Amino acid sequence: MPESNNPHADAPVAKLALEDGTVYTGKSVGAGGEVSGEVVFNTAMTGYQEILTDPSYCGQIVTMTYPEIGNYGVNEADIEHQKPALSGFVVRESSRIASNYRSEGSLSDYLVSHNVLAIAGIDTRALVRRIRTEGAMRGVLSTVDLDDESLIEKAKNSPGLVGRDLVREVMPAQHSVWEQGLDEWTAVHLEDPPAGDDAPHVVCLDFGMKWNIPRHIRARGNRVTILPGTASAEEIMQQNPSGVFLSNGPGDPEPLEYAHKTIAELLPQVPVFGICMGHQLLALACGAKTFKLKFGHRGVNQPVQELATSKVEITTQNHGFAVEEESLPDCLEITHRNLNDNTIAGVRHKETGAFSVQYHPEAASGPHDSHYLFEQFQKQMRQTSQA
Amino acid sequence: MPRRNDIKKILLIGSGPIVIGQACEFDYSGTQACKALREEGYEVVLVNSNPATIMTDPDMADATYIEPLTWQMIEKVIAKERPDALLPTLGGQTGLNAAMDLQEHGVLEKYGVEMIGARADVIAKAEERDQFKAAMEKIGLDVCVGETVNSLEEARQVLDRVGLPCVVRPSFTMGGSGSAIAYNRDDFDALVQNGLDQSPVTEVLVEESIIGWKEYEMEVMRDVDDNVVIICSIENFDAMGVHTGDSITVAPAQTLTDKEYQRMRDASLAVIREIGVETGGSNIQFAVHPDTGRMIVIEMNPRVSRSSALASKATGFPIAKIAAKLAVGYRLWELPNDITQKTKACFEPTIDYVVTKIPRFAFEKFPEADATLTTQMKSVGETMAIGRSFKESLQKALRGLEVGAFGLGCDTKDRWGTENQPDDDEIRARLSTPGDGRIFYIRYAFKAGYSVDQIHEITHIDPWFLDHIAQIIEQEDRLAALDKLEDVTEDMMRETKRMGFSDRQLAHLFGKTEMQVRAYRKDLGVTPVYKSVDTCAAEFEAYTPYYYSTYEQEDELPLEGDQQRVMILGGGPNRIGQGIEFDYCCCHASFALREIGYQSVMVNSNPETVSTDYDTSDMLFFEPLTIEDVLNIHDAIAPEGVIAQFGGQTPLNLARGLSDAGVPIVGTSVDTIEAAEDRELFQALINELDLKQPPSGIARTMDEARRELAEIGFPALVRPSFVLGGRAMEICYDKAQFDRYVAEAFAVAEGQPVLIDRFLEDATEVDVDAVCDGQDCIIMGIMEHIEEAGVHSGDSACAIPPFNLPQHVLGEIREATKKLAHKMNVVGLMNIQFAVKMEDGKPVVYILEVNPRASRTVPFVAKATGARVAGIATKVMMGKTLKELGVDREPIPRHVAIKEAVFPFRKFAGVDIVLGPEMRSTGEVMGVSEKFSLAFAKSQIAANTVLPESGNIFLSLSAPHKHAAVELGRALTGLGFRLLATVGTAAQLTEAGVEVRRVKKIAEGKPNLIDYLKNGDVQLILNTPSGKGARTDEGKIRAAAVQYGVPCITTLAAADAAIRAMEALKAGEMDVLSLQDRYKE
């Protein structure tokens, strides 16, 4: 099994400074250097590799609340994008041993090789409680500048997420065809088998899409084409799609006016399904507003209730912004709510049937309770094509 | 709200006495259920035979029945109470089985009682092997390939499908004996043949071997709308092959990728849905192949379990409480999460710490038992610890185990570097055969130069766990490389503490005292902080004051409010001699403190208990009970007082150290507690009060022992000092026995002296529990033992009120109690053991022992009399007088209550069951009735000693008891039984004109008594032993009786009581009455 030296013992010092003046001193367990970002936390106990490679974390320093991270190493199969997009990673303990037959290397080596800064050995729970009470904050993670005052100053001067377009940093440059299906670990219920060239064609509008989304869509027999999030409605419709999927992505959805416009144009023409940022963009396209949550929802245990059935699904979430209920236009109805804080977790367009959810039915990491939404999209495309 | 309004009254069945595999966790779940259902306005009827439980407190239910858990007795309760529903899933396997019996015998149908939580067909589907397998195959989940067979021929056919190596397991053997792994065809044939011979039904299971696979558990909850959540995942440190109850386990799962974890979650949801558990909690076990990831479903418990108690304590999510509410119709999302208050119970807890549970064994009590850990559970208790790393939680759990270890090595138990250092053979043997304390041998192996891979190869323990142990040892080596304690820097100290090292380990490494290390550490500024257990990894604010210590930056303890805090020290892991009775006392201390306006603070490390329910006290610290951990809490919360007399021996052992460190121990002073244990001081006190003690002496050498013996005379009772539960205590009738047992006692005493007393033969033992406030002393209960003196008081049956002792003797006992209490200045509880012996035709009262603290019998006294004994004592300790509390007289019930002990012999094949001065029972039951005879009958039925109505009784008496044979024989034949006896007794009976059939002794060939037992031709054995030990003829007979489920009575006194009970059972029916009705004036 791969083993590296105890990163806690002789590792260089790393510091994490917050804009409110708090500084945490620990050991560096990733690459050296300095980064800034919004400091957030994720409460999942498994799936650190999926979290690391989730492009939605672009611009953020992610704290894992579970203290033992790296236990099962890393492997090629479990990534959600070709490389991590986040700014930095914070853990209590970084395992020096990777113990799992699927492991291909240690977490620490992975972080170094992908140039991700990471700090270990700090009181992550204290940090989380700080974020919970003060809200998500800007922070600086450094192994080069260890002067507290200087780091706090840098944190204060670093750009926040609000008003920034981070999508351009993680979306693909050009269009591509997606072929990969699901892994052997995920059992999905397939209503109809793949149907070759006659299969529905789904265009995914990629704002920083997690790969498990196209895997799910592909596994249901669709042809899948991926377009960059900046694509126009015209470019999209040229693909002759059976349905358009709006992906997740990093940061604030409000400045992405190009996407609002595109989606508004698409809605009357084609079935649309959105996840996470895709959900926020759909709402914005319909005239709703979004707002920044105090510290967001990030984890794999968020309960969401489907209002029509009262059924609760345990969901994966990763978002710092949400759709504002007061601003919701008449054309949108709320289909799902987050049971913890009652925020909107899903909407449906009353006329077009387009729908979206704030959470991640593709999971990765997280529970598989919400796979039915992919079936729902499938059904809608089928009905539209029959009509 | 969907709360069901069509049901009003709900019957709950408890789990009966504490046995191996079923302990306090079901008191915890039952108590939660009672509270939850009454909170919702339902009337609760509770049946349980175990008086030492919180759930059988009359405040907990509307009607409480302490009755045997047979369907016949429960039917009487149902007939009387007419409940609308029965909730069967909260009383362990016992409760579930009782419910299934009621269903099978048509009782539920007859009285229109609905089973809620899980229906009978669902329970059957989960519990019956073949049905379960079929269900799993239906939903596409892998199960262990295997089949039961009745011949070698069939077995070979199954082998073709299963492959080698495989497991061969004879059906229905005791303790799973005869189970083995076949590695080749020759072995296989031999094992199958042997197994078929051993199995009483000539049946063996041939199954693929999954030994060495990784083992996991998932705790699942489901509501009536099919919302399903996972509460906790648990990974076993010990690989498949060791029962999960005997494994070190860790929460959450550590070595699964999310892909694997989600597959297990999917499977868990599919299983609970397919089996059809409508509402409540279930536990599902999985095995995962470490190299291929292949996953197999092992089994499912369609009820709350030991693991769900662990999961509740590990996450803060109250599984039993929520399960009870789901059973009456609520949906998960309608119930609040108590801890966060703002969010709902419908979510999956996430934790930001690591939880380690370690089982506690009692093999020293059963030297003849096989101490190898197998798929049959053998542990008697467990401890749990919480830390911010696995290393920290593991070492905390090891010191919480209370076996003399203060972490992983580096303490007085550590053999490494001593002349007793284990050699390679021993290390290898102890690694390859799972047993108690294997973890310490893993450390020795690392010390001896083994690598993680090598140890993994031998033990199959996941390398992740092993590497963390290696890290602990590397830290130990870094410390050991330093010259002196003062060379440990602040950073190094903090890192060391973060790995869970105790001050005691550092003291051992540097040749310092624990207090010196403590002082130095505090000088460095390295002190623990306390963090909350909050179900949500701090995502939401926690309102529940449930804490653990760790070495981090931020402390979360609230500031002290207006109320003063009082800390209660719990009993730690269950063991023989210290169990649920003390947890009961601690809980009552907490309730009483809250009643009189204090903030109660509980400290305990046992996850099974009610005391570690966050609802029980105002603050809960889930911590090991050591001087260091308790002092740290003391420093953090500055309590007004600390109660050390309720948690059994555990807190008493700490009392001196705590008191010396300035901790205010309330109640009876530590000096008094120690004085009662000091032989010379105590003897002086007895003489001063003009009381009597059996002649006794104390010896440090064999010569001294012999000199003392000359004064004391035979029979002599020999025991090591400072050892609990009568360990290595023996009665000697001659010099040879004396020499042998004194030598053994010295060995066990480890340098402490050996105590020698005159043994009072044929004396009646009496236990007294009393409460004293320094001025007044009120007796709470006088218990007359049924077995004569010489049987450990914890193993002996006893009755309240006394049934045989004359009033003037009781008067003498009362007077002696008050004198002692006053003289010793006892404040709180006191227990005295007396022996009453006929001397020259007159009863003489001797004092055997005085313990100024809560005794094992406190809950029994409370249940028998209705007096809140522990609560009263608590208030007295906090300064109230008995007069103020209105406690002015000894409560004497109108009914008779009998406590009977319950033993774990069925788990330990071949062990001799004869009772002696060494305590071996794990639990107790109570029988209560207007008459002694019926109360005794109930106590026997509740203890699963089924007194027969007809058939054959084997009579065999030792020489000193022979005189009683004829009278016993007449009584039994008078009741319509036929007698069996071996040559001597048979001749005696025949001569007296009592009809008897002679059977052969084992040595006389076949058919002998063992054959009669096998054939079901013996219904009861009355055997007073003349020799002890599993190798004697008698020992074999008694062991066989256990194996074939034939009750075996081993004392004349119990035989008399049994005859009275059988007479009463012939004469009339047993009736039931709730405690609430019994206590009515």
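Reader: How many helices and strands does chain A have?
Author: In this predicted model, chain A contains 11 helices and 19 strands.

Reader: And how compact is chain A?
Author: Chain A has a radius of gyration of 21 Å, close to the 21 Å that the globule rule gives for 387 residues, so chain A is as compact as a globular protein of that length. Its C-alpha trace spans about 65 × 45 × 40 Å along the principal axes.

Reader: Which domains does the assignment give for chain A?
Author: The assignment gives domain 1, covering 7-157, and domain 2, covering 167-386. The C-alpha centres of these two domains of chain A are 28 Å apart.

Reader: Let me turn to the two chains. How many residues of chain B are in contact with chain A?
Author: There are 46 residues of chain B in contact with 45 residues of chain A.

Reader: Which element of chain B gives the most to that side?
Author: Helix α9(B) gives the most, with 8 residues. Both α9 (258-275) and α16 (463-480) of chain B supply at least two residues each to the side that touches chain A.

Reader: What classes of residue make up the chain B side?
Author: The side of chain B that touches chain A divides into 17 nonpolar, 11 polar and 18 charged residues.

Reader: You mentioned α16(B). At what angle does α14(B) pack against α16(B)?
Author: Helix α14 (residues 438-447) of chain B packs against α16(B) at about 65°, and their axes are 10 Å apart. That angle makes α14(B) roughly perpendicular to α16(B). The crossing of these two helices is right-handed.

Reader: Which residues make the contact between α14(B) and α16(B)?
Author: From α14(B) come B:Ile442, B:Arg443, B:Phe446 and B:Lys447, and from α16(B) come B:Leu466, B:Ile469, B:Ala470 and B:Ile473. This contact has 6 nonpolar, no polar and 2 charged residues.

Reader: Now for another pair. Are α1(B) and α11(B) oblique or parallel to each other?
Author: The axes of α1 (residues 25-39) and α11 (residues 319-327) of chain B come within 8 Å and cross at roughly 45°. The two helices are therefore oblique to each other. Their crossing is right-handed.

Reader: Which residues meet there?
Author: In α1(B), B:Tyr28, B:Ser29, B:Gln32, B:Ala33, B:Ala36 and B:Leu37 meet B:Ala320, B:Lys321, B:Ala324 and B:Lys325 of α11(B). These residues divide into 6 nonpolar, 2 polar and 2 charged.

Reader: One last pair: how do α5(B) and α6(B) pack, and what is the angle?
Author: Helix α5 (residues 120-127) and helix α6 (residues 129-138) of chain B pack at about 85°, with their axes 5 Å apart. This makes α5(B) roughly perpendicular to α6(B). The contact involves B:Ala124, B:Lys125 and B:Ala126 of α5(B), together with B:Gln131, B:Phe132 and B:Ala135 of α6(B). By class, the contact has 4 nonpolar, 1 polar and 1 charged.

Methods. Residues numbered from 1 in each chain as written. Chains lettered and ligands numbered in written order. Predicted model: local features only at pLDDT ≥ 70, side-chain atom pairs only at ≥ 80, totals over all residues. Axes fitted to C-alpha atoms, helices over the stretch in contact; angles between N-to-C directions. Helix = DSSP H or I, 4+ residues; strand = E, 2+ residues; numbered from the N terminus. Parallel < 35°, antiparallel > 145°, perpendicular 65-115°, else oblique. Left-handed = near helix turned anticlockwise from the far one by under 90°. Contact = placed C-beta atoms within 7 Å. Nonpolar A, V, L, I, M, F, W, Y, C, P; charged D, E, K, R; others polar. Domains from an automatic or database assignment. Rg over C-alpha atoms; globule rule 2.2 N^0.38 Å.
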